[in-house]
Amino acid sequence: MLCLASASMLSAQNATTTAGADGYLSRGIRTYDNKNFTGCIDQLSELKRLEAPASVYEDADFYIAMAKMQRNDADCVDALERFVEAYPASIHRLEARMALGDHYFYNNDFAAALRGYEGIPASAFDADKRGDLLFRRAFCRLNTKDYDGAAAELRQLRADSRYSEHSAYYLAYVDYARGDYDSAEQAFSAIRKNSRFWGEAQFYLCQIDFKKEKYSDVVSAGKDLLDKKLPVEMATELNRMLGDYDIIHGTFFVCGLTSNDFTDLTPQQMKRYEELYHDPQLFFLLGKTLCVEHTTPEEYTRVMAPPPKTKESPER
């Protein structure tokens with residue numbers, strides 16, 4: 001009798017414990033959906049003190065890791081990586097891997113983002129998340145110069161209403177980056193004036209005209225384009241092409257700037273300015289317009305070399 005009663009009591013206690021865990025899980029997911037990420041972590045941390053099925057712990061670990069990511073906690077990456085490693089067959093594994101990729105994507109670490117996104121089938125998600133994955137992965141490939149991979153994913157976005165404009169613009173950029181300026185010119189010209197990328201497309205058309213030595217077209221189109229709202233780096237380069245700036249000649253350094261002092265460049269800024277100033281620039285006048293052209297060190301040396309002295313004829 002005693003053993004039977006103890007078994008019955010134990011069974012009732014387990015049922016109560018499981019029900020309590022389910023309650024914490026339900027409240028944790030609800031607070032996560034309501035963007036109360038701290039409340040979510042509190043609820044699910046309490047759950048993990050209780051006895052519960054492995055599947056309940058799995059859900060708890062997933063939402064705790066995702067909530068940490070949403071709060072941008074210092075250990076958010078570790079939490080997601082631990083989840084992916086601990087539950088390789090979880091129904092949440094792809095979402096966790098995408099969250100890892102997104103973390104690096106929004107921090108401009110595109111190589112790391114690609115490692116997070118790699119191997120995730122776009123078909124695993126609904127239409128919106130599928131588009132997000134394809135675009136972010138394509139953007140990472142552009143920034144790591146994998147133009148073939150980027151183009152393949154961008155073409156899949158042509159019919160996506162949220163990303164069709166992105167697809168058209170970045171496919172044109174792929175042609176430009178490959179040096180296929182005729183195709184790029186055609187693709188950039190096809191971007192409509194009401195597109196969010198129209199100004200950027202016009203900037204690259206100016207670049208193409210400059211490369212094709214159509215300098216009068218650059219001047220006429222570029223001056224109108226300066227009135228548009230362009231990204232800072234494009235406006236700077238456009239001013240450079242139009243000659244609307246001062247020339248710095250000789251040794252210089254590039255650094256960051258705080259409110260009252262110089263500071264280090266970020267890794268992304270280091271990469272950008274190394275690429276921008278890696279090769280020398282040639283300045284020349286075209287009519288009254290000062291123009292600039294990037295060139296190779298060898299060509300710069302050749303152009304800047306003083307002309308050879310001519311041997312004067314001996315006096316008679």
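In this predicted model, the charged end of Lys129 sits over the ring of Phe125, 5.7 Å from the ring centre. A charge is counted in this way if NZ of Lys or CZ of Arg is within 6 Å of the ring centre and within 35 degrees of the ring normal. Arg27 is placed likewise over the ring of Tyr24, with its charged end 4.8 Å from the centre. Residues are numbered from 1 along each chain as its sequence is written. The model being predicted, local features need pLDDT of at least 70, side-chain atom pairs count only at pLDDT 80 or more, and totals for chains, interfaces and linings use all residues, while side-chain values use heavy atoms, without hydrogens and water.

Rings of Phe, Tyr and Trp (its six-membered ring) pair if their centres lie within 6.5 Å; planes under 30 degrees apart count as stacked, over 60 as edge-to-face and the rest as tilted. Tyr32 and Phe37 form an edge-to-face pair, 5.3 Å centre to centre with 65° between the planes. Tyr32 is buried at 13% relative accessibility, and Phe37 is buried at 14%; buried means under 20% relative accessible area, exposed over 50%, partly exposed in between (1.4 Å probe, protein chains only).

The planes of Phe105 and Phe139 meet at 70°, with centres 6.0 Å apart, so this pair is edge-to-face. Because Phe105 lies in helix H5 (residues 93-106) and Phe139 in helix H7 (residues 127-143), the pair ties together parts 34 residues apart in sequence. Helices (H or I, at least four residues) are DSSP runs, numbered from the N terminus. Phe105 is buried, with a relative accessible area of 10%.

Notes. Helices (H or I, at least four residues) and strands (E, at least two) are DSSP runs, numbered from the N terminus.
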